[in-house]
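Reader: Happy to look at this one with you. Could you take me through the terms as we go?
Author: Gladly, here it is.
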Amino acid sequence: MSGRTIQLAVVGAMLAGTLIAETQAAEIHKDYHFTVGPKAGVSVNNPYGSISVKPSTGGIVVINAVLASDKVEVDNNLVGNRVEIQSHLLAGADAQSGRVDYEILVPADASITLHSSTGPLRAEKLHGDVTLEGSAATVEIRDITSAHVHVKTLNGPVTLTNVQDGHVEIDSLSGEVTLNGVTGPLVQVISTSGGINYIGDFGDRGEYRLTSHSGDIEATVPDSTSADVSARSVRGEVHDDIPLQPKAHTWFVIKEGSAFWGTMGRAAVSSTVVLRSFSGKIHLRKRTSK
Amino acid sequence: MNCVELQASLAELEDGSGAERSPAQQAHLETCPECSALVAELNLIAASAIELRAADEPSPRVWNSIEIALRQEGLIRPQRANRSLLPSLSSRWAWARWMVPAAAVLLIAVGIYVRQNSLAEQLARDTAPAAVVSDPEIAGLNDADLLQEVAQLSPAMQAQYTDNLRHVNQYIQDAKGVVAANPNDEEARRSLLEAYQEKAMLFELAMDRSLP
């Protein structure tokens, strides 16, 4: 490397460092603390930026907000047992200057409602109801128990991991939806063009409905799974790697390659699984042990 | 009769004179010094009020001053000009505020339409086919308006909304086709409802509170 190159590299690094330092200097940090009772509500409406929610210890809500500039403010309010947070865009704010990133701690039993166009939206280790909405926001939810989980996205990918005993409803127009270890009385995914990927055992005695218009649907299940599974694709293909006990009576025509309906495992404790697509492929596969 | 019941019953009396008191009230007043004192004060006030002349009444300026003071203290507030639960039709965003109720009406209308179709098939009634009603006629939804507003609100997302709108409209058309071919198929009808649900969600997201 020549001396000239080294000089350019050093000058470049110094410029980059200066820019980063200026950016960090423009950031504004805000902290808010609220004392709440059991089963509190926390709602956050943030046009630009991430929201991450984790459990706190005790009955407190802690909001850590990083504001990208002074063109955005954080309005906060405690109404009864509900904390309301709103990123308030001022004149001239855009996606960069109006960005606010939130790190939020809430009591584990709190119900949360998060809105962000850009996201990402994250929630973990809670057992209160979780509602997340965002157009392009990436949604990640994990380690949730005994709660309603509602997600709406336009094209943001949605990933749920280890959601137990949940009442799960996910609507995504074109985002990919991945459910890993998600069980409960109702697990429903509706997508227009996004794919749906379910990995797990479908729990027991639950209703699982995975529907996509043109997206592919793939369910990967272990040997221990017990479920009544029906799958139909109007114009797509249907594949089944797992032998099913066929139903004696079906109310729709089982057309080879485009539909199947049968029982896997013990029918007495089985869940109901409905996989539907118009033009996407449906694939029920067995999970291979590593 | 206890103190609460007696004080509640005082409001029903035109004045506090003993002539209108019931035996129960009278019995309570004889045994309760607090209520007895209260009734005596009320009687005194009522008697004094009768003796007041009209000239003694404060001028309107006094009442205005009291009102101004109460407003400054925040004890009374001016009424809002428009407290209607219905969105305004006059503002620039009026159409957007109507979108959620319009989407809800659309879903309900489709649900009723699909259900009626199902019942008609099951009963094998020989009725005339239902008039074809386009989606915009059902709920006033207008894709072009939606995209125009998204373009103004968030131009960066216009392409995504356009693409998703095209997909969801195709979803609805496909679902309608399956229902028409298999009118007794419960799953097909459910798919049609889900397709409309997706479109309603698209409109909902377009006017989402978080949309910049």
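Author: Let's start with contacts: two residues are in contact if their C-beta atoms, placed from the backbone, lie within 7 Å. In chain A, 47% of the contacts with a separation of 6 or more are between residues 24 or more positions apart. This is a predicted model, in which local features need pLDDT of at least 70 and side-chain atom pairs count only at pLDDT 80 or more, while totals for chains, interfaces and linings use all residues. Residues are numbered from 1 along each chain as its sequence is written, and chains are lettered from A and ligands numbered from 1 in the order in which they are written.

Reader: Why is Q86(A) called partly exposed?
Author: A residue is buried if 20 or more other C-beta atoms lie within 10 Å of its own, exposed if 12 or fewer, and partly exposed in between. Q86(A) has 19 such atoms, so Q86(A) is partly exposed.

Reader: Which residues does Q86(A) touch, not counting residues up to four places away in sequence?
Author: Q86(A) touches N45(A) and D75(A). The C-alpha atoms of Q86(A) and N46(A) are separated by 6.1 Å, with the two residues 40 apart along the chain.

Reader: What makes a strand, and which one holds Q86(A)?
Author: Strands (E, at least two residues) and helices (H or I, at least four) are DSSP runs, numbered from the N terminus. Q86(A) lies in β6, residues 82-89 of chain A.

Reader: How many helices and strands does chain B have?
Author: Chain B has ten helices and zero strands. Of its 212 residues, 19% count as buried.
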